[in-house]
Amino acid sequence: MERIIKWREELRNRALELARQVADKVRGTVFLVGSYARGDFAEDSDVDVVIIGSFNEPPHRRLLDLDIPPNVEVLAFNVNEIMRIIDRCYPLALDLAIGVVLRDDLGISGELVNRARRCLG
């Protein structure tokens, strides 16, 4: 049993390292979300990262210059977009409510998490 726990800890630590690699390359507020934040990950789970930044370009152009490691999925939003997602309690709001803050250059992670927690029920 201890080997399994250690193996899962190693998987999660590897996922956190990959997510931090992304967070270190951007300016904004960055969360680890999804299965690695919830703790229900599997060996083949991808690493889900949400970036909230001062984006003006269309969503499909926001990450073109970002070197994203393999097995990492990144979603990028501006502040207005993420507030709308949270206010409407879209599924991503639930992920943010329990997500892991990796970076908070915008100083909004606390507010985002508090607002997102309203969606938990």
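**Close-up views of a predicted model**

**View 1. Strand 2 and strand 3 lie side by side in the parallel sense.** Strand 2 and strand 3 (residues 72-78) run parallel and are joined by 7 bridges. Within this pairing, V49 is found opposite V74 of strand 3. The structure shown here and in the other views is a predicted model.

**View 2. Strand 2 also pairs with strand 1, in the antiparallel sense.** The two strands are linked by 5 bridges. One example is F31, whose bridge partner in strand 2 is V50. Strand 2 itself spans residues 47-53 and is mostly covered, with 6 of its 7 residues buried. In a regular strand, side chains alternate between the two faces of the sheet.

**View 3. A37 is a buried residue of helix 2.** Helix 2 comprises residues 35-38. The relative accessible area of A37 is 15%, and A37 therefore counts as buried because this value is under the cut-off of 20%. Apart from residues up to four places away in sequence, A37 touches R12, L32, I98, G99 and V100. A37 and L16 are separated by 21 residues in sequence, and their C-alpha atoms are 9.2 Å apart in space.

**View 4. R27 is an exposed residue in a loop.** Beyond its neighbours within four places in sequence, R27 is in contact with G53, D105 and L106. R27 and S54 are 27 residues apart in sequence, with a C-alpha to C-alpha distance of 8.5 Å.

Notes
Residues numbered from 1 in each chain as written. Predicted model: local features only at pLDDT ≥ 70, side-chain atom pairs only at ≥ 80, totals over all residues. Heavy atoms only, no water. Helix = DSSP H or I, 4+ residues; strand = E, 2+ residues; numbered from the N terminus. Buried < 20%, exposed > 50% of the residue type's maximum accessible area, 1.4 Å probe, protein only. Contact = heavy atoms within 4.5 Å. Pairing = 2+ DSSP bridges.
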